[in-house]
Amino acid sequence: MRPNSESGRWHRTGDGPIQYLSTTVEGAWSELIRAEGLQSESEVAFVRMPMWVAELQIERLADYSAFEIAEEAGFPPEALVDDDYTRCQDEGLRLRSEGFQGVLAPSAALSEAMNLTIFGPRIASTWGRQPILVSSIPATKIAVGAPPEGIVQRVRQRGVEHEGLQRHQAERSRSRRRRDDGAN
Amino acid sequence: MPELLSSPERKRLVQLEDLLEEWLAQVHRDLQSATEDSRNEDGQIDADYIDRWATTAQRLSSQVNKEIPPDLDPYALSDLRGHLIEGLAAIYELDESRPLDSVDNFMVHAEAVRHIIRDALDGQPDADESDAKALVSSLSTQLPRVSRKELSKLIGLSERQIQRIAKDGGRPSRRLQLVSRLVALLWRAWTPEGVVAWFYRERPDFDGHAPVDVLDDAAYESALMLAARRGRAQHGS
């Protein structure tokens with residue numbers, strides 16, 4: 001609703017309102033675990049947070065849903081999951097100024113998860129009903145509790161390599177080698 | 001630390017938050033009905049509905065403006081009044097050809113006001129902050145399975161001193177006040193054991209220190225409050 005008082009991956013302090021969502025429940029829990037630096041099942045069991053589900057209709061979405069897609073679009077893929085948010089924050093500003101309503105990108109916290117970041121103010125409206133206002137997002141709370149067992153070991157903590165990015169970079173190297181071998 | 005609100009002020013804020021929440025939900029419900037029942041052939045929403053909405057929206061703004069406690073944090077108060085003014089501007093500048101844009105604009109500002117009120121209420125211990133006995137009692141209630149020994153470590157007092165406070169009261173230390181405010185933020189997102197664990201987890205934003213290590217350092221005060229709030233926010237790291 002209000003400009004953010006703290007910076008995040010796609011925004012700096014004072015930028016307009018922004019909503020960080022994940023496309024899966026596991027992804028959302030992973031983001032919490034990484035943000036809070038939770039390392040063990042016992043720490044995770046102490047969480048007592050609500051989990052919400054939201055239904056979105058977005059017209060202009062920047063698609064960086066895979067590292068190769070971002071690269072083809074001219075955005076450095078490693079920046080998507082870098083612990084330094086600077087390049088994503090710059091890109092977030094550019095996307096907003098060009099009228100994009102959000103960005104779909106790999107989660108830095110869980111290799112197989114995807115995050116959806118929405119620019120601009122949004123208000124939760126009645127779940128299951130077609131939204132009437134631009135700002136409305138049908139949303140409802142589905143549970144209150146802790147992440148399920150088994151997630152914390154899969155979460156990528158800060159300073160650790162991102163498996164999805166590593167796979168992408170390995171594939172790129174293989175493609176380059178194949179291309180070079182073909183040329184020789 | 002900014003001053004705490006008095007108990008009647010907190011009560012008034014809770015009522016205002018409830019009022020805004022219910023009003024916003026009602027508008028969404030009404031809009032559903034109005035669009036389902038009353039859209040004319042041009043696809044426009046019923047003008048009578050918009051008139052009625054504008055009247056209630058103005059009334060709501062006026063009520064919030066009158067009833068907001070003047071002792072609210074000055075920054076929050078100024079932010080809140082800014083949203084009220086911008087919300088009213090959305091009503092006065094209503095474009096009859098696109099009335100839902102004005103409704104949407106006002107709703108966004110009304111929700112922002114609700115958030116400001118929610119933020120003001122969070123981090124307010126449910127006790128008189130000048131009364132050490134009340135604060136210790138409130139902490140014991142919010143952290144039911146936490147031992148007095150663990151509590152004493154957090155507050156920075158001996159168990160005997162806590163016993164004495166619980167019996168005789170007295171003036172609270174700044175650390176007791178700060179821990180009370182942090183617990184008021186944390187207990188909604190963590191179990192009682194999780195609240196205690198939060199204080200002992202080292203954080204990169206505190207130069208690798210754990211919150212408990214910096215509780216006596218005034219320079220970390222606002223960072224501690226932000227970190228406690230952050231646990232409840234959306235995350236996209």
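Guide: The following conversation takes up chains, helices and single residues in turn.

Guide: This is a predicted model, in which local features need pLDDT of at least 70 and side-chain atom pairs count only at pLDDT 80 or more, while totals for chains, interfaces and linings use all residues. Residues are numbered from 1 along each chain as its sequence is written, and chains are lettered from A and ligands numbered from 1 in the order in which they are written.

Visitor: How many helices and strands does chain A have?

Guide: Helices (H or I, at least four residues) and strands (E, at least two) are DSSP runs, numbered from the N terminus. Chain A has 5 helices and 7 strands, and their order along the sequence is β-α-α-β-β-α-α-β-β-β-β-α. Its C-alpha atoms fill a box of roughly 60 × 45 × 30 Å along the principal axes.

Visitor: What percentage of the residues in chain A is buried?

Guide: A residue is buried if 20 or more other C-beta atoms lie within 10 Å of its own, exposed if 12 or fewer, and partly exposed in between, with C-beta atoms placed from the backbone. Of the 184 residues in chain A, 36% are buried.

Visitor: Where does A:T140 lie, and which residues does A:T140 touch?

Guide: Two residues are in contact if their C-beta atoms, placed from the backbone, lie within 7 Å. A:T140 belongs to strand 7 (residues 136-145) of chain A. Leaving aside residues up to four places away in sequence, A:T140 touches A:W52, A:V53 and A:W127. A:T140 counts as partly exposed because 13 other C-beta atoms lie within 10 Å.

Visitor: How many residues of chain B are in contact with chain A?

Guide: On chain B, 30 residues are in contact with 35 residues of chain A. The elements of chain B that give two or more residues to this side are helix 1 (7-38), helix 4 (99-121), helix 9 (192-200) and helix 11 (221-230). Helix 4 of chain B supplies the largest share, 8 residues. For classes, Ala, Val, Leu, Ile, Met, Phe, Trp, Tyr, Cys and Pro count as nonpolar, Asp, Glu, Lys and Arg as charged, and the others, Gly among them, as polar. The side of chain B that touches chain A has 12 nonpolar, 11 polar and 7 charged residues.

Visitor: Which residues are buried in helix 11 of chain B?

Guide: An α-helix has 3.6 residues a turn, so residues three or four places apart point the same way. In helix 11 of chain B, the residues B:L224, B:A227 and B:A228 are buried. They lie on the same side of helix 11 of chain B because they cover an arc of only 100° around the axis, the arc being that of the directions from the helix axis to the C-beta atoms. Among the elements covering the buried residues of helix 11 are helix 8 (174-186) and helix 10 (211-214) of chain B.

Visitor: At what angle do helix 8 and helix 11 of chain B pack?

Guide: Two packed helices are described by the angle between their axes and the distance between the axes. Axes are lines fitted to C-alpha atoms, for helices over the stretch in contact, and angles run from 0 to 180 degrees between N-to-C directions. Helix 8 and helix 11 of chain B pack at about 20°, with their axes 8 Å apart. Angles under 35 degrees count as roughly parallel, over 145 as roughly antiparallel, 65 to 115 as roughly perpendicular and the rest as oblique. Helix 8 and helix 11 of chain B are therefore roughly parallel to each other. In this contact, B:L178, B:R181, B:L182, B:L185 and B:L186 of helix 8 meet B:E221, B:L224, B:M225, B:A228 and B:R229 of helix 11. By class, the contact has 7 nonpolar, no polar and 3 charged residues.

Visitor: Are helix 5 and helix 7 of chain B roughly parallel or roughly perpendicular to each other?

Guide: Helix 5 (residues 132-142) and helix 7 (residues 159-168) of chain B pack at an angle of about 110°, with their axes 8 Å apart. These two helices of chain B, helix 5 and helix 7, are therefore roughly perpendicular. The contact is made by B:A132, B:K133 and B:V136 of helix 5 and B:I162, B:I165 and B:A166 of helix 7.

Visitor: What is the phi of B:D207?

Guide: Most residues other than glycine have a negative phi. B:D207 is not a glycine, yet has a positive phi of about 55°. B:D207 is placed in the loop between helix 9 and helix 10 of chain B, and counts as exposed because 10 C-beta neighbours lie inside 10 Å.
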